[in-house]
Amino acid sequence: MSSILSNLQILTIAPVFNVQLVLDGLLIGAVFALAAYGMALVWGVMNIINITQGEFVVLGGYVAVLFADRGIHPLFAVPVAAAFLFAVGWGFYRAVIFRVVDKDLFISLLATFGISILLQQLMNTIFGSDVRVANAHLESWQALGRMVTVSQVKVLSFIVCVALGIGLMWFLKSSRLGQAIRATAQNARAARVLGIDTDRVYAMTYGLNAAICGTAGALIAMAYTIHPYIGLPYTIRSFMIVIVAGLGNLGAVILSGIGLGVAENYAGFILGAQFQLAFVFLLLVAVLVARNWRLQRQRRYLK
Amino acid sequence: MSMGPTMTGGTRIAVWGAALAAGLAAPLLFPSYALQITELWVFIVFALTWDLTGGQMGYNSFGNVVFVGVGMYACAVTQVGLFYSVGEYTAARGGGTSFIWDMPQYMGGLGLGLVAGAVLAAVAALALGSLVLGMRGHYFAIATLGLGVAAGELAAGWEWIGAGAGFSPASPPDNLDVNRFYYYLAMALAVATFLAIRWILSTRFGLAINAIRDDEDKAEAMGLPTTRIKVTAWMFGALFLGVAGAIYGNMKRFIDPTDVAFAGSTIGVWMVLMAILGGKGTLWGPVIGAVVFQVFKEVFWTFLLGWQRVALGLLIVLIVVFFPQGILGFMRERFPALFGHTVEPVVVAGEEPGGART
């Protein structure tokens, strides 16, 4: 308790720490938003809540780690991670997901949970349980009289995220496949009637989501850390962002992602780093409960 | 509300007698598997209580581990706190010779601890249930998933109960046959849980939770106080889960906050899997599911060590995708007569034979 108060005191005595926290939150928030956008895509198009989201992120991170281990700059790993994860996602769709697309949501929830448990230990067996980083050999800028540190690799990951977000938006709006994906999301049956192969669209959507996660993961491995069991928090963050932002609203996704990043950094600073994950999960419950209360006043509920 | 195959009174007593005798004799016949069978009894409680809200009420929770963990810590802390300072005990990492319990102390502490575990778990269910049971479907599932993990993270940060280093329950006195003692305690709990759930399903309350599963809006329109019923059902399950957690912690002899107490991604999912594997929404299904699952789990952990969770994940996917109706559901589809359903000679097109629920 006393440490929480003294941490709060630091923030008021030395406001420059706020700049640091907001900046760090902004930079990681973009990555959260990217993964959340993928989740919204799968949720909106296929009506599946993909618990495997976080494991796809971590798997993408290991691609970057492998590159860095071999002395190749991990930035080159970003497209490779995307391509590899696309194949993984496509494979899981063809093996499992297509069987649960039209089933009860709880069935697909459990099925993706199963895949996530499977991937966790697979990664643990292959890559070991250590915390890993893909060293990008970049430095940091100092600002405001050396009180604020901006790591260049975090800025780089932010820029890649923004570029990818814009690219994705263009892809969904203008490309042939993007239009097919949006049509399927609006009305799968009508899309089928009009000659869209919705099964292929689903496979592409699931693969695309995995590729987005893989990219986010490669960036996270460069700018932050990964280990085999850190996937679930990323799933939960994505879910939370989608709940707050709604499906298919990129602007709101980015804002909520950054909001979450900032909130998490403040929580980590004030409560202590050991409570940061607890904060994420409690925030999820709080967001859901708040949403539900608001709906209950209109005699509706979250469903 | 009979859920199992129809039997005459005589055979029913015979089957029960045989099952109880097998349970009582198991640790004597298979002493090397006694621990695994103890765990099985605890798992049966996990599966039965999960199915009460998941299968019978339609509220699929990933967060029932919260009550296991609360019961586990509540009991362990009571056992220690009655005689020593909990802070000093955790600071000494539970070690040293200065913390000793003699037989009356141990039994008294355990007895009070079991009660504390049950009560605190039920209180937790009341508090959390009032918050999250207003949500439906997958929102409830994910909210409870969040609760389970958050509880583990909080316990892992709380110094007083040992934080991430865990907590060792009180060490039993030397003249107590610990393994056998906890075996029979767990077995008694499993039988009590089974009887309690069978009883509650036979009451009007049981019909009410089934009504909530089948159509909550209609149930509410008929005047059922749905929120109160849902919270009560969750508390009823939590009561038993709390005791199960208390026994499980003492049986494991070590409480790790995220791997034993609030193990959301292992035990939290296993409960769901056991109930589905046996047959959701049936009385015997969770029991059968727990037995089959425990066998699978032990085989994986013995022969596939290092890959055991890969195999388990695969098993989850296979069951959920290809076998969502579970063992009893499958049996009921195949042999409806065994379950007391009369099969109409003309089956209406599009309607599954024997699909009616008991």
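## Briefing on chains A and B

Among contacts in chain A between residues at least 6 apart in sequence, 77% join residues at least 24 apart; two residues are in contact if their C-beta atoms, placed from the backbone, lie within 7 Å. This is a predicted model, where local features need pLDDT of at least 70, side-chain atom pairs count only at pLDDT 80 or more, and totals for chains, interfaces and linings use all residues. Residues are numbered from 1 along each chain as its sequence is written, while chains are lettered from A and ligands numbered from 1 in the order in which they are written.

**Chain A overall**

- Chain A has twelve helices and two strands, where helices (H or I, at least four residues) and strands (E, at least two) are DSSP runs numbered from the N terminus.
- Along the sequence, these elements run α-α-α-α-α-β-β-α-α-α-α-α-α-α.
- Of the 303 residues in chain A, 48% are buried (20 or more other C-beta atoms within 10 Å of the residue's own; exposed means 12 or fewer, and partly exposed is in between, with C-beta atoms placed from the backbone).

**Helix α7 of chain A**

- In α7(A), residues 176-186, the buried residues are Ala180(A), Ile181(A), Thr184(A) and Ala185(A).
- They sit on the same side of α7(A) because they cover an arc of only 135 degrees around the axis, the arc being that of the directions from the helix axis to the C-beta atoms.
- Arg176(A) and Gln186(A) are exposed on the other side of α7(A).
- The cover over the buried residues includes α2 (16-46), α6 (152-174), α8 (188-193) and α9 (198-223) of chain A.

**A helix pair in chain B**

- The axes of α8(B) (residues 204-214) and α10(B) (residues 226-252) come within 10 Å and cross at roughly 110 degrees; axes are lines fitted to C-alpha atoms, for helices over the stretch in contact, and angles run from 0 to 180 degrees between N-to-C directions.
- That makes α8(B) roughly perpendicular to α10(B), a label for angles of 65 to 115 degrees.
- Ala208(B), Ile209(B) and Ile212(B) of α8(B) meet Thr226(B), Ile229(B), Lys230(B) and Ala233(B) of α10(B).

**Where the chains touch**

- The contact draws 37 residues from chain A and 34 residues from chain B.
- On the side of chain B that touches chain A, α6(B) gives the most, with twelve residues.

Conventions
Angles under 35 degrees count as roughly parallel, over 145 as roughly antiparallel, 65 to 115 as roughly perpendicular and the rest as oblique.
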